[in-house]
Amino acid sequence: MSNGLPMSVPSPGLPPRIRIHEVGARDGLQNEKTVVPTEVKAEFIHRLAGAGLTTIEATSFVHPKWVPQLADAEQLFPQLRDISGACLPVLVPNARGLERALDLGARRIAVFGSATESFAKANLNRTVDESLAMFEPVVDQARTAGMHVRGYLSMCFGDPWEGPVPVAQVISVARRLMDLGCDELSLGDTIGVATPGHVSALLTGLEQAGVATQSIGVHFHDTYGQALSNTLTALRHGVTTVDASAGGLGGCPYAKSATGNLATEDLVWMLEGLGIETGVDLGRLTATSVWMAGQLGRPSPSRTVKALSHQEQ
Ligand code: HMG
Ligand code: MG
């Protein structure tokens, strides 16, 4: 462990390589109390790319009043043009958002739906049906323009207003989201209440409903410290796309009980230990999160960032 990495001991039945979908700059920063300067965001994203992350969610083209922290999308996105080794998906809820993303040359978008009515209303000012109807032309137009489309589905396990969410309800909305033509489905545990058996039940159900495991990503918030166990469960089901946030930043301004995402460093530590390739340089990533924590004025909640940055001192 002198090189800041765990001993590698592979475990059978796991994928050889994982794609990390880094959400720190979007999910992480959307929830900050103070607005992070655009230049700091741009440097953050450059550093993440420099650490070897190849999918970095950059920002959201949502209504600026709904998410003021990301209201600088038009200023930020052009500052990322020189990044060549990573793709930079952006969140887009509707036609106006897609128009803004297309104007700036974005190549990957994500629409974001909800498995519950309460969160659809709180987050999008729409019912589940109305939000899917809002996404339909967006997905169509984006696909016609040759873009890659991710479909997020929030509240896949529990909802702060409705409590536990039935697996069948999640599968039904997931199926409808995929039927719109999304290339990828990201299963959101928005408030971090999932546990491994629940994850397994949902993935099995989705498989039976004909949603290909290769098209599924998992997006765990870490409220109860379950994100890593849930991720390992998903890997055992064959999932190879995992969302994570550098330093464990994150949350959702429209779901008060949401805390940070699974920290990318904690994920990389586990994957390194399992001998699973990620292409990420853990030292550079940790240094980035320590730097970002300095910008935000508080330490990173990631256990791995804490351990490795103490080790470096
Ligand atoms: P609305 O108020 O119903 O909007 O909000 P509207 O369609 O009635 O339009 C009202 C005005 O807003 C119009 O302007 C539109 O042009 C403008 P006016 O004609 O009155 O001058 N407008 C826009 N302006 C800029 N960009 C846009 C846009 N759209 C409309 N894209 C809306 C509906 C969807 C816009 C709003 O609810 C919204 O922006 N919501 C975003 C909420 C959000 O970003 N939440 C966080 C991301 S989701 C998340 O974090 C979960 C996730 O991480 C997974 C997980 O953890 O589960 C992904
Ligand atoms: Mg999230």
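Predicted model: local features only at pLDDT ≥ 70, side-chain atom pairs only at ≥ 80, totals over all residues.
**Whole chain.** Start with the protein chain in a cartoon view. Its secondary structure comes to twelve helices and eleven strands. Along the principal axes, the C-alpha atoms fill a box of roughly 55 × 45 × 35 Å.

The accessible surface of the protein chain is about 12500 Å², and carbon and sulfur atoms hold 53% of that. Of the 313 residues, 56% count as buried. Among contacts with a separation of 6 or more, 77% are between residues 24 or more positions apart.

**Charges.** Now colour the charged residues. The protein chain has 24 positive and 31 negative charges, and their mean positions are 2 Å apart.

**The metal site.** Select the magnesium ion (ligand 2) and show the side chains that coordinate it. Which residues are these? They are Asp 27 through OD, His 219 through NE2 and His 221 through NE2, at 2.1 to 2.3 Å. The spacing of these donor residues in sequence is D-x191-H-x1-H. Asp 27 lies in helix 1 (residues 24-28), while His 221 is in the loop between strand 10 (216-220) and helix 9 (227-236), so the pair ties together parts 194 residues apart in sequence.

Finally, select Asp 27 and His 221 with the surface on. Are they buried or exposed? Asp 27 is buried, with a relative accessible area of 3%. His 221 is buried too, and its relative accessible area is 3%.

Key: Residues numbered from 1 in each chain as written. Chains lettered and ligands numbered in written order. Heavy atoms only, no water. Helix = DSSP H or I, 4+ residues; strand = E, 2+ residues; numbered from the N terminus. Buried < 20%, exposed > 50% of the residue type's maximum accessible area, 1.4 Å probe, protein only. Contact = heavy atoms within 4.5 Å. Areas by Shrake-Rupley, 256 points an atom, 1.4 Å probe, with all protein chains shown as cover. Lys, Arg positive; Asp, Glu negative; His and termini not counted. Charge placed at Lys NZ, Arg CZ, Asp CG, Glu CD. Donors = N, O, S within 2.8 Å, 3.2 Å for Na, K, Ca; no water.
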